[in-house]
Amino acid sequence: MMNAEEKNQTISAGFILLGFSSSPDHQGFLFPIFLCMYLLCLLGNLLIILLIFSSTNLLQAPMYFFLCHLSLADLGFSSAAIPQLLYNLATQTKAISYIGCLTQMYFFVSFAATDNFLLASMAYDRYVAICHPLHYARVMSFKCCLLLAAGCWLLAHSHALLYILLVSNFTFCASREIPHFFCDVHPLLKITCSDTSIVDKLLVSEGTAIVLGPLLLILFSYVFIVLKVVKLPSKAKKYKAFSTCSAHFTTMALFYGTVIGTYLRPSSSYSGLRLRVASVFYTVVTPMLNPFIYSLRNSEIHAAIKRLVRNWF
């Protein structure tokens, strides 16, 4: 535990986010790239939310109900990190306050965990729809969907609060330079002079359960889905079943592919460059691509877009 004087010094000093490069030329090159990606993320996910809320049929369908929550979580996920990066690139200032750093980390962890739980909920929805179609309306009732979504958000914010309470007691007495473009758990553990053994164990145990638990549920769901689909006599039914799951599986692969190799390890093995590159994928690339992945081959989303255009124009 830090004493009052050490805590006051930490709060007043804040941190320095090193970002990707200290060169003004590189920062000028990176700013339009991240700005375009962030704007696409905002526009795409806001469009998905608008389309679902403007259509009663879509909002009452469990798949689109969870997709709406996923888009909302993706918006928060990207907005927790990218605006700060854009501000630092535009102003060439890298400072962030102590409170701002903890706040950014809280929202980043909570929205990332929400994404994780929502992907598992969507996989369960597809499993029930394909493997138990006769019981789908009863099992995936609107009340059940509300409870699942509320549970995703509640568990995610509880998970983030746990880390914030632990990190807020750290003493930062050496370098305050964070080798990242936003405040994350691993880089903060690298610059603290407090004992990090508890958080390290938490990252390996609780963090592993938070990530691998939903992932195993997703994998088991898709194993049963594949076994069910291959038994279908009609090729058209097989294609329809696989096409409804392909978007979700693509999103899952992009998200978990970068998260697992980055976070499920002790802080001593943390690599700043690898974490920064991987973070770009799950903080902005995946949230940016999700609206396109879910809408490109989705006839119901296409129909909702046409209805929205007709109503407006």
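Over residues 105–124 the chain is 100% helix and 0% strand, with the end C-alpha atoms 29 Å apart, where helices (H or I, at least four residues) and strands (E, at least two) are DSSP runs numbered from the N terminus. This is a predicted model, in which local features need pLDDT of at least 70 and side-chain atom pairs count only at pLDDT 80 or more, while totals for chains, interfaces and linings use all residues. Residues are numbered from 1 along each chain as its sequence is written, and side-chain values use heavy atoms, leaving out hydrogens and water.

The span 105–124 is among those that UniProt, in an unreviewed entry, lists under "transmembrane region", and another is 209–230; such annotations may be inferred rather than shown by experiment. Residues 209–230 are 95% helix and 0% strand, and their end C-alpha atoms lie 31 Å apart.

We can now turn to the aromatic rings. A search of the whole structure finds 16 aromatic pairs, meaning rings of Phe, Tyr and Trp (its six-membered ring) whose centres lie within 6.5 Å, with planes under 30 degrees apart counted as stacked, over 60 as edge-to-face and the rest as tilted. Phe-65 and Phe-66 make an edge-to-face pair, 5.6 Å centre to centre with 75° between the planes, and both residues are buried (under 20% relative accessible area with a 1.4 Å probe, protein chains only; exposed is over 50%, partly exposed in between).

Phe-108 and Phe-182 form a tilted pair, 4.5 Å centre to centre with 50° between the planes. This pair links distant parts of the chain, since Phe-108 sits in helix α6 (residues 98–131) and Phe-182 in the loop between β3 (177–178) and α9 (185–191), 74 residues apart.
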